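Hi there,

Here is the structure I promised to pass on to you. Have a look at it first, and then read my notes below.

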Amino acid sequence: MKIKAQISMVMNLDKCIGCHTCSITCKNVWTNREGAEYMYFNNVETKPGIGYPKNWEDQEKWKGGWKLGKDGKLSLRTGSKPERLLKLFYHPDQPEMDDYYEPWTYDYETLIHSKRRNHQPIARPRSLITGERMEIKWGPNWEDVNLKKISEDITLEFHDLFMKYLPRVCNHCLNPACVAACPSGAIYKREEDGVVLVSQDGCRGWRHCVPACPYKKVYFNWKTNKAEKCIFCFPRLENGLPTICADTCVGRLRYMGVLLYDMDKVVAAASTRDKGEIYHQVLDVIADPNDPEVIEAARREGISEAWIKAAQESPVYKIVKEWQLGLPLHPEFRTLPMVWYVPPLSPITRRMEANCYLPEADEMRIPIAYLAEILAAGNTSVMTRTLQRLLDMRAVMRAKTTGDDLPSRLEFASEVYEKMFRLLGIAKYKDRFNIPAGIQGKSHAEMRKEQGGGLYTCPGGGLIWLMQLK
């Protein structure tokens, strides 16, 4: 048993109102400079929709994440090491600017300095890359309905249509494909807290990380020729503060805390043959922080008492492992993401409105099959069980308010559902975030050495990677 610590996040999709405050604050803090105009380390997508960049979920096109071979071994979808070497200077699966959008501004000088004329002057859009005039055809939130994975001939009446928001950040995976694909070794996963970072000193701009990430959360800065990504606001984490997106979230839908996991089980979980069972295997990777054996193993790995205590009081552990309400985004990509989602409940279908107040899970307006494709690798039984627990929580709280009898069929005691409600519904700041300050005994000098490329610099560009081919 090799226990490691991971800072993780949970998002309750029922509370997201699509205000994009998280995107704005993240962009103002981390990407408000030339070359990063199109980067959204945190973005909110409308579902159903094609997402940002366009159709990022289609790995037949983008070749992101991992695939499982007939021999049961994992390999990158982008190809073997020799194949990736051949694509070192030209990668055919690389997203282009049109898959994001070409950043633009408006010609405000025309409005400000225009002389008197018969017609109102117009501030036309200009490209921030070329400076030339352009036509705006695409932006980060221009969506099209995409229900192909449910059925080719599905039709929905207006009163059965549905829409939900999906906030996305880098998942800081346990088995990150971007780390494995980087020729320079510039991308690494911090052993202290699991945050995945890009050493700007070590990055040589090969861009293999961009297509390798199945979530397309690694970007290329066209000005600096370096890769950039969500850094989970690690300077804030080191001071016991949540990420800026979580701190400023209007809906208070984000939760952050420490998970302990058994590193020896990571590869086996990612190699699970049945993609619908990967979720259960990931739950097995997450260790019980109250287990004496886990505590002793954590101490042997140098995890501090403060971090062990934080794991025991983690809101993420309660939601993900204890109550099993949080689900990973596209677990079939086999990267084992550490950002989790509580699936959204939705209004009931029209045919049920006159007959009940709280229906069964399969009577909700958002089809279970659609949610399962996004959060459970198509495993509808996992999604049904999760939604039913959320419905049971609502039924228990309603019964408590109205004085009615409790539902006869409950998985947990009523006290557990009350705890769920308090955490998911009305939790205060200190209940949603439990992040220990400090980095488990490592000095800031040591951290700067690692993040500055001291241990991860590859002066010869692809030298380390080429040596691995021998």
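**What I found**

Ser271 counts as buried because its relative accessibility is 18% (buried means under 20% relative accessible area, exposed over 50%, and partly exposed in between, with a 1.4 Å probe and protein chains only). Please keep in mind that this is a predicted model, where local features need pLDDT of at least 70 and side-chain atom pairs count only at pLDDT 80 or more, while totals for chains, interfaces and linings use all residues. Residues are numbered from 1 along each chain as its sequence is written, and side-chain values use heavy atoms, with hydrogens and water left out.

Back to Ser271: you will find this residue in the loop between α9 (266-270) and α10 (278-285). Helices (H or I, at least four residues) and strands (E, at least two) are DSSP runs, numbered from the N terminus. Leaving aside neighbours within four places in sequence, Ser271 is in contact (heavy atoms within 4.5 Å) with Leu68, Gly72, Leu74 and Arg334.

Now for the rings. How many aromatic pairs does the structure hold? There are 14 aromatic pairs; rings of Phe, Tyr and Trp (its six-membered ring) pair if their centres lie within 6.5 Å, and planes under 30 degrees apart count as stacked, over 60 as edge-to-face and the rest as tilted. Trp56 and Tyr215 form a tilted pair, 6.1 Å centre to centre with 45° between the planes. This pair links distant parts of the chain, 159 residues apart: Trp56 is in the loop between β2 (43-47) and α2 (59-62), and Tyr215 in the loop between α6 (209-212) and β10 (218-221). Trp56 counts as buried at 0% relative accessibility, and Tyr215 counts as buried at 2%.

Phe89 and Trp206 have ring centres 5.4 Å apart and planes at 80°, so their pair is edge-to-face. Phe89 counts as exposed, at 75% relative accessibility.

Lastly, the cysteines. The structure holds zero disulfides (pairs of cysteine sulfur atoms within 2.5 Å). For Cys26, the nearest cysteine sulfur is that of Cys233, 6.3 Å away. The sulfur of Cys213 is 6.0 Å from the closest cysteine sulfur, in Cys178, which is too far for a bond.

Happy exploring!
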